Amino acid sequence: MNTATLHLSRSLALVERQLYLMKGSPARVVPLFGFVVIDIVLWGFITRYLGTVATGMNFVTSLLGAVVLWDFCVRVLHGVTMAFFEDVWSRNFLNIFASPLSVGEYLVGQVVSSLFTSTVGLIAMVLLATFAFGVPFAAYGVMVIPFLLVLFLFGIAMGILGASCVLRWGPAAEWWVWPIPAVIAPFAGVFYPVATLPGWMHPIARILPPSYVFEALRAIVTGGSFRAGTLLLGAALALVYVVAASWIFTRVHRHAVRTGLIARYSAETIT
């Protein structure tokens with residue numbers, strides 16, 4: 001077995017572990033699509049109502065489409081952190097890194113697990129939004145793929161960063177992870193143009209890759225011109241975030257091993 005195959009097999013072993021957890025507990029499967037279905041139903045009826053009281057704007061396509069894409073990004077983030085939390089809650093984290101598994105292989109395994117879980121949720125959201133509320137995702141075809149790619153990369157970066165915080169400060173720090181989407185959404189202009197934000201928020205919006213995705217989405221929905229360069233800038237920023245988050249996780253892991261914190265990992269906050 002060559003080196004590349006060995007690294008891949010170790011990473012896929014983490015994915016296989018997640019699949020066995022789901023097989024052994026069907027309750028783990030429901031959250032993959034259950035909560036996103038609730039979101040789509042709720043926002044679907046809200047946008048349908050807005051369409052009856054306002055004219056000149058297709059709220060179903062613009063708002064509900066944004067909900068689908070943003071929920072996908074959030075599911076990617078949670079996919080990485082939940083796979084990490086599984087090791088934390090089961091006190092299995094030390095065992096994982098007592099094996100020959102490297103940090104890079106561990107992160108790849110978490111990313112692949114997140115890709116699987118977020119894709120399940122995305123399919124459920126797209127089907128429901130299309131057939132229940134008439135969002136024309138099929139009309140956009142492969143044009144949707146770059147949007148999803150940018151959001152996927154950003155979700156991965158935020159998930160790894162959240163896992164880094166918990167690794168450094170202990171399981172009590174997991175409460176820093178859950179608010180991440182709520183903190184980012186106002187700056188990213190998920191449901192409204194970035195121009196709506198006050199001036200001091202614009203620089204923050206410009207360094208967030210999702211803002212470029214949703215600005216481009218609104219341009220397409222309103223019949224405006226789609227500038228590929230803008231989305232490429234968002235993709236480049238997302239890649240920078242992924243590299244930076246991976247570097248931070250590696251540094252934090254190295255610190256935990258060097259100081260012995262990893263052996264004292266418990267439900268209490270690590271100082």
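Is Tyr241 buried, partly exposed or exposed? In this predicted model, Tyr241 has a relative accessible area of 23% and is therefore partly exposed, since the buried class ends under 20%. The ring partner of Tyr241 is Phe154. Phe154 has a relative accessibility of 1% and so counts as buried.

The structure contains eight aromatic pairs. In the pair formed by Phe154 and Tyr241, the ring centres are 5.7 Å apart and the planes meet at 80 degrees, so the arrangement is edge-to-face, the class used for angles over 60 degrees. Phe154 belongs to helix 7 (residues 144–169), whereas Tyr241 belongs to helix 11 (residues 228–259); the pair therefore ties together parts of the chain that are 87 residues apart in sequence. A second aromatic pair, formed by Trp169 and Trp176, is tilted, with a centre-to-centre distance of 5.3 Å and an angle of 50 degrees between the planes. Trp169 has a relative accessible area of 36% and is therefore partly exposed. Ring pairs also join Phe84, Phe85, Tyr106, Trp178 and Phe249 into a cluster.

The largest pocket has a volume of about 610 Å³. Its lining consists of 24 residues, of which Pro31, Leu32, Arg75, His78 and Met82 are the closest to the pocket centre. Two or more lining residues come from each of helix 1 (3–24), helix 2 (30–53), helix 3 (59–89) and helix 5 (103–133). Helix 3 provides the largest share of the lining, with 10 residues. Classified by residue type, the lining comprises 13 nonpolar, six polar and five charged residues.

Helix 5, one of the elements that contribute to this lining, also contains Ser114. The relative accessible area of Ser114 is 0%, so this residue is buried; the limit for that class is under 20%. With residues up to four places away in sequence left out of the count, Ser114 touches Arg75, Val76, Gly79, Val80 and Ile156. Among these contacts, Arg75 is also one of the residues closest to the centre of the largest pocket.

Note on methods. Residues are numbered from 1 along each chain as its sequence is written. This is a predicted model: local features need pLDDT of at least 70, side-chain atom pairs count only at pLDDT 80 or more; totals for chains, interfaces and linings use all residues. Side-chain values use heavy atoms; hydrogens and water are left out. On a 1 Å grid over the protein atoms alone, a cavity is a set of points where a 1.4 Å probe fits but cannot get out, and a pocket is an open set with protein on both sides within 12 Å along at least five of seven lines; lining residues have an atom within 4 Å of a point. Grid points are joined across faces, edges and corners, and a volume is the space filled by probe spheres set on the points. Helices (H or I, at least four residues) and strands (E, at least two) are DSSP runs, numbered from the N terminus. Ala, Val, Leu, Ile, Met, Phe, Trp, Tyr, Cys and Pro count as nonpolar, Asp, Glu, Lys and Arg as charged, and the others, Gly among them, as polar. Buried means under 20% relative accessible area, exposed over 50%, partly exposed in between (1.4 Å probe, protein chains only). Contact means heavy atoms within 4.5 Å. Rings of Phe, Tyr and Trp (its six-membered ring) pair if their centres lie within 6.5 Å; planes under 30 degrees apart count as stacked, over 60 as edge-to-face and the rest as tilted.
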